[in-house]
Amino acid sequence: MQVVNKSKEKINTRDLVETSLLIALVFVATRFINIRLPIASNGGLVHLGNAMLFISAIVFGKKKGALAGAFGMGLFDLLSEWAIWAPFTFIVRGVMGYIIGKISWSNGKRGNDVLTNILAIVVSGVWMIFGYYITEVILYGNYIQALASIPGNITQIVIGTLIGVPVAKILKKHIK
């Protein structure tokens, strides 16, 4: 089965299934594999959703990475006590997945170059820190308090990188 969207790009059943599974994996890793830490003014949450987002974008590219991050983590926010964050998470994590996929797949690398993948995560991590800083300023109205979430965000990025990059490398060998 193929669906043709307005840009005349074909979306096949495999793409729909892969994207749906990636969204589910990001959601499950965010929802069920997490630890609450007292590292931020809002309580802080360290989860493995980032690792799944990184893997999704590196292995499958910018579109599936963006959708997995936006919908997977946005859905987590909607179904938890973080619902007010959902629209912001949708944008921040969607752009994050897009950035990782775009850089990882640049110049024909298709997610196969570890250093490029790490660079992609670092660039997307800067975006995440900035995006969530602005989110906290909007939600809490305090420029100083929003700085307190930066260590937690850095922790998220480091843990996600340490898990996501090696797993993506292994998966790239086995997924065509």
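This is a predicted model: local features need pLDDT of at least 70, side-chain atom pairs count only at pLDDT 80 or more; totals for chains, interfaces and linings use all residues.

Biologist: What is the mean pLDDT of the protein chain?

Modeller: The mean is 91, and 90% of the residues reach 70 or more.

Biologist: Why is Thr135 called buried?

Modeller: Buried means under 20% relative accessible area, exposed over 50%, and partly exposed in between (1.4 Å probe, protein chains only). Thr135 has 2% relative accessibility and therefore counts as buried. Thr135 lies in helix H5 (residues 114–140). Beyond residues up to four places away in sequence, Thr135 touches Trp85, Phe88 and Val92, where contact means heavy atoms within 4.5 Å.

Biologist: What makes Glu18 and Arg14 a salt bridge?

Modeller: The term requires a side-chain nitrogen of Lys or Arg within 4 Å of a carboxyl oxygen of Asp or Glu. For Glu18 and Arg14 the closest N and O atoms are 2.7 Å apart, and the pair qualifies. Glu18 and Arg14 are four residues apart in helix H1, so about one helical turn separates them. Glu18 itself has a relative accessible area of 15% and is therefore buried.

Biologist: How many salt bridges are there by this rule, and which residues do they join into one network?

Modeller: The count comes to three. Asp15 pairs with Lys64, with the closest N and O atoms 2.9 Å apart. This pair links distant parts of the chain, Asp15 in helix H1 and Lys64 in helix H3, 49 residues apart. Asp15, at 24% relative accessibility, counts as partly exposed, whereas Lys64, at 11%, counts as buried. Glu18 also forms a salt bridge with Lys64, at 2.4 Å between the closest N and O atoms. Through shared partners, Arg14, Asp15, Glu18 and Lys64 form one network.

Biologist: How do you know that Asp77 has no salt bridge?

Modeller: Lys and Arg count as positive and Asp and Glu as negative; His and the chain ends are not counted. The nearest side chain of opposite charge to the buried Asp77 is Arg93, 7.5 Å away, and Asp77 has no salt bridge. Asp77 lies in helix H3 (residues 62–78). The side chain of Asp77 does make a polar contact with the side chain of Thr89, at 2.4 Å. A polar contact is a pair of N or O atoms within 3.5 Å; within protein, one must be able to donate a hydrogen and the other to accept it, and residues adjacent in sequence count only if both atoms are side-chain atoms.

Biologist: What makes a set of residues a nonpolar core, and how many residues has the largest one?

Modeller: Such a core consists of buried Ala, Val, Leu, Ile, Met, Phe, Trp, Tyr and Cys residues joined through side-chain atoms within 4.5 Å. The largest has 27 residues, and those with the most contacts inside it are Phe54, Met96, Ile100, Ile121 and Met128. H2 gives the most to this core, with seven residues.

Notes
Residues are numbered from 1 along each chain as its sequence is written. Side-chain values use heavy atoms; hydrogens and water are left out. pLDDT is the predictor's confidence in each residue, from 0 to 100. Helices (H or I, at least four residues) and strands (E, at least two) are DSSP runs, numbered from the N terminus.
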